[in-house]
Amino acid sequence: MKIAVLGATGTAGSRVVRRLKDENVDVVAVSRASGVDLVTGDGLVDALAGVDAVVDVSNALPPNGSMEWGEALTTATRNVVDACGRRKVSRLVFLSILGAEDPVFDEFPYCVAKREQESIIGESGLNATIVKTTQWYEFATNPAAVVFHDDRVEVQDWLVQPVAADTVADVLVREALDTSGGGQVLIAGPERIRLPELARRRLKTLGDERPVHAIEPDLPVLAEGALLAWERAKVMGPGLEEWLASLRRETTR
């Protein structure tokens, strides 16, 4: 097979690329660094020449601040769907967020954009699978919820059920290789934890001893568990302790 990975240099994308190569798959690593812009569409159709499947883990930012991020995301997805159709790509796997369609996020532009992206894909007529996940362990220090100061770290007090990015990559690769797939796959991690505690544990493992302070979330429902897994989501490991152990191994290599 020949599989294109959109967003190939990111947290999920780099893992997907590595796993596909381990499976002896011919990989096309697509990113702005490779000369492809999903928002403008520049280079995209050419990049998908001869491709059997596409894994879209991109999080397209607008070029030069030319539009809102939500508009950039949906524009990118329309371009991806169009390019897949023109190249007769037989399989599309798209990464999204579990719970984004919850009405509590109606005023949260990023989640609204994720909904629209899923709708565009669902109406495309492509053989597509949408993989929806809870937050990742790696999100523990994401600027979307974390502010770093010289003497402390402030973390929004979200209640989360994190899954490992490596686990997400495994699922994405499995779905890309399964040409008979379709619909949605929902996955979540095995444990609930408050984001400030997760950040503290991750930072400590990385040797950062700055105190972590919980702050009010931008959306109160995030503290109440709006991002927790749905009942029909598949719970997948590793647990927190196992994930931290793997992080320690990586930092000592």
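A residue is called buried under 20% relative accessible area, exposed over 50%, and partly exposed in between (1.4 Å probe, protein chains only). The structure is a predicted model, in which local features need pLDDT of at least 70. Residues are numbered from 1 along each chain as its sequence is written.

**Exercise 1.** Determine where asparagine 24 lies and whether asparagine 24 is buried or exposed.

*Solution.*
1. Asparagine 24 belongs to the loop between α1 (11–22) and β2 (26–30); helices (H or I, at least four residues) and strands (E, at least two) are DSSP runs, numbered from the N terminus.
2. Its relative accessibility is 72%, so asparagine 24 counts as exposed.
3. Although asparagine 24 is not a glycine, its phi is positive, at about 60 degrees.
4. Most residues other than glycine have a negative phi.

**Exercise 2.** Describe the backbone and the accessibility of lysine 88.

*Solution.*
1. Lysine 88 is located in the loop between α3 (69–86) and β4 (91–97).
2. Its phi is positive, about 55 degrees, although lysine 88 is not a glycine.
3. With 72% relative accessibility, lysine 88 counts as exposed.

**Exercise 3.** Identify the peptide bond that joins glycine 237 and proline 238, and locate proline 238.

*Solution.*
1. The bond between glycine 237 and proline 238 is cis, with omega about 10 degrees.
2. Most peptide bonds are trans.
3. Proline 238 sits in the loop between β12 (234–235) and α7.

**Exercise 4.** State the place and the accessibility of arginine 253.

*Solution.*
1. Arginine 253 is in the segment after α7 (240–251).
2. Its relative accessible area is 81%, and arginine 253 is therefore exposed.

Methods:
Predicted model: local features only at pLDDT ≥ 70, side-chain atom pairs only at ≥ 80, totals over all residues. Heavy atoms only, no water.
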